[in-house]
Amino acid sequence: MLYPQNNGSRTLVDLSGIWEFRFQEDEAWQRIAVPASYNDQSPDPRFRAKAGTVVYRTRIAVPAAWRGMRWFLCFDGVAHNARVLLNGTEIGSHRGGFLPFEIELTGRLAPGETGVLEVEADNRINHSTLPIGVEGGNAFFGSDNPGIPSVEAGKRLQQERGINLPAFDFFNYTGIQRPVRLCAVPAEYIRDLTLTPRISGEVDWRVETEGTGDIRIEILDADGKPVAEGRGAQGSLRVPEPRLWEPWPGTPYLYTARVTFGEDCYELPFGIREVRIEGARFLINGKPFHFHGPCKHEDSAFHGRGLDPCLNMTDVNLYHWMHANCFRTSHYPYAEEMYQLCDREGIVIVDETPAVGMWAAEDYGWGLGDYHAQVLRDMIARDKNHPCVVAWSLGNEPGTDTFARKAYEYWHPLYELAHREDPQSRPVTLVGCQNDYTKDETIPTMDLVLINRYYGWYNLSGDLEAAKYAFRMELDWWEKLGKPVVLSEYGADTVAGLHGAVAEMFTEEYQVAFYEAMSECLDERAFVVGEMPWNFADFATCQGPMRAGGNRKGLFTRDRRPKMAAHYFRKRWEEMDRRAD
Ligand code: GCB
């Protein structure tokens, strides 16, 4: 699916603004901002705690000038499940909150007509959704105190009251979180474009159209000068003396592919670069690449998980400030605008499906596989052309040691699917949690090994000598595998402004000491090709005894003020970049 575009052939009407809103069981309409999570837009406790369906409503109009075209309602992301109605009649639905979908309106609403658009968004999470939730209390943090009759009775009451908690450590922000647009295209139009560039300058293309006719593709350089062209629905062309897309601090050079088909035209920026794994090295354009940059969340005050271009720009500039060159879209595909920005700014992305909370799937008996495959397919279809995406992550922290064979049988087909679906066949990974790595049959089979480890925090807490000793022992084990390994999460909750002459847990000094200790271990190992601290910024979670106003492992506060650890990494990564020069 192509990102909606406004150009000489296509027109967009952005539906952002204030819509009407109500809880399904409640008659009264109130107002809500779109796009944004609804959860922080009111002090009414239901906004944060309610599990169920909310209804959004607005009036839409099809411009009279669209006669002879086709028009669609394009949703970039409605969490988690959506049902769409026009003038009271269902016209479409979508499962999953982090990927786009569209509904054709031609024939349903004529040029010059207006209609009432309603969107029902269901935020419930359970064993059939990605991410995964649990019906009843104490899903992620907190002790279950099994067997105590009064606590068990309390849990039953929670279930009766429909308490629904995440099996993951971020707030379950929901609603219409990404743009909604009316998109008009010519009657015969370009449906999809797939580019497979090679560093030789050869670019394979494939265009899918609605209708038949001549297709022309032109490649423009960054100054808009045509440098190559081709004709037909697919083929191969050659860009002479190609300039490569390089990660920051290199130059992320972008070309534009301009496709014309009848009256339609689509322009797609793309980069020419090669991603390859050789032994235990991860190569971009043949050069060893070291991943260094904190994992992120889509999370901020007021907007929740809602798209905020100003926040995205600020975050990317803070990545540059820190000399960070990458992030993982923990734990779901982000709004596509962020990938477009990273293409331009040279920030490398490991693109992750919303398969988080999978530890709760225990023996993999939930029949999630087909849906998971669909989400993976859709994510690759959306992001396949972005040069910033260098690897696919199938998910985060599933159980892989207890039911080791079942885990492999679940994940291996997804691994193969990712390779089949991606025209660029990027490396595939699955992010492993801290469990018994010696029993794991899955994580070691990935192209790129990503492991989350909390030595010195969740285990061996506060004892960095023991943490280093244990981490080194584990690294000895991974070294034998001969694959590139990235430490894809490690971190310590830190209360900004809490200091101590002795570096104890939760102080800014401990966060720095923790990272210094881990860096010592990482720097000894050439097969460790990356470090992704957890997390870029403090972020919202659901309530729990281990979360004081959210997860505090940010290098920055939630309002993007650096803690001491941000300065630590700024220095470390600047030196790293200088050495790599
Ligand atoms: C993890 C999870 C991440 C959590 C983090 C933590 O392993 O992948 O979602 O937020 O630990 O801080 O506990």
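**Is leucine 460 buried, partly exposed or exposed, and what is its relative accessibility?** At 36% relative accessibility, leucine 460 counts as partly exposed; here buried means under 20% relative accessible area, exposed over 50%, and partly exposed in between, with a 1.4 Å probe and protein chains only. A word on the model comes before them. This is a predicted model, in which local features need pLDDT of at least 70 and side-chain atom pairs count only at pLDDT 80 or more, while totals for chains, interfaces and linings use all residues. Residues are numbered from 1 along each chain as its sequence is written, and side-chain values use heavy atoms, with hydrogens and water left out.

**Figure 1. The whole protein has nine helices and 32 strands.** Helices (H or I, at least four residues) and strands (E, at least two) are DSSP runs, numbered from the N terminus. The radius of gyration is 24 Å, close to the 25 Å that the globule rule gives for 581 residues, so the protein is as compact as a globular protein of that length. That radius is taken over C-alpha atoms, and the globule rule is 2.2 Å times the number of residues to the power 0.38. Along its principal axes, the C-alpha trace spans about 70 × 65 × 45 Å. Of the 581 residues, 57% count as buried. Among contacts (heavy atoms within 4.5 Å) with a separation of 6 or more, 71% come from residues 24 or more positions apart.

**Figure 2. Helix α3 (residues 309-322) packs with helix α4 (residues 336-345).** The angle between them is about 35°, and their axes are 10 Å apart. Axes are lines fitted to C-alpha atoms, for helices over the stretch in contact, and angles run from 0 to 180 degrees between N-to-C directions. From α3, the contact uses Asn312, Met313, Val316 and His320, and from α4 it uses Met338, Leu341, Cys342 and Glu345. By class, these are five nonpolar, two polar and one charged residues. Ala, Val, Leu, Ile, Met, Phe, Trp, Tyr, Cys and Pro count as nonpolar, Asp, Glu, Lys and Arg as charged, and the others, Gly among them, as polar.

**Figure 3. Aspartate 264 lies in strand β21 (residues 264-270).** Where does its side chain make a polar contact? The partner is the side chain of arginine 10, at 2.8 Å. A polar contact is a pair of N or O atoms within 3.5 Å; within protein, one must be able to donate a hydrogen and the other to accept it, and residues adjacent in sequence count only if both atoms are side-chain atoms. Aspartate 264 is buried, at 1% relative accessibility. Leaving aside neighbours within four places in sequence, aspartate 264 is in contact with residues including Ser9, Pro186 and Val259.

**Figure 4. Threonine 209 is part of strand β16 (residues 202-210).** A polar atom of the threonine 209 side chain lies 2.9 Å from the backbone oxygen of glycine 211. Beyond its neighbours within four places in sequence, threonine 209 is in contact with Tyr189, Ile190, Arg191, Ile215 and Phe261.

**Figure 5. Asparagine 126 sits in the loop between β10 (114-122) and β11 (133-135).** Asparagine 126 is buried, with a relative accessible area of 18%. A polar atom of its side chain lies 2.8 Å from the backbone nitrogen of serine 128. Apart from neighbours within four places in sequence, asparagine 126 is in contact with Pro131, Ile132, Gly133 and Glu135.

**Figure 6. Arginine 377 belongs to helix α5 (residues 369-383).** Its relative accessible area is 30%, so arginine 377 is partly exposed. Not counting residues up to four places away in sequence, arginine 377 touches Leu417 and Glu421. Leucine 417 is 40 residues away along the chain, yet the two C-alpha atoms are separated by 7.9 Å.

Figure 7. Most residues other than glycine have a negative phi, and most peptide bonds are trans. Leucine 460, in the loop between β30 (449-452) and α7 (464-479), has a positive phi near 50°. Serine 425 also has a positive phi, of about 40°, and lies in the loop between α6 (404-421) and β29 (428-432). The peptide bond from valine 34 to proline 35 is cis, with omega near 0°. Another cis bond runs from tryptophan 534 to asparagine 535, with omega near 10°.
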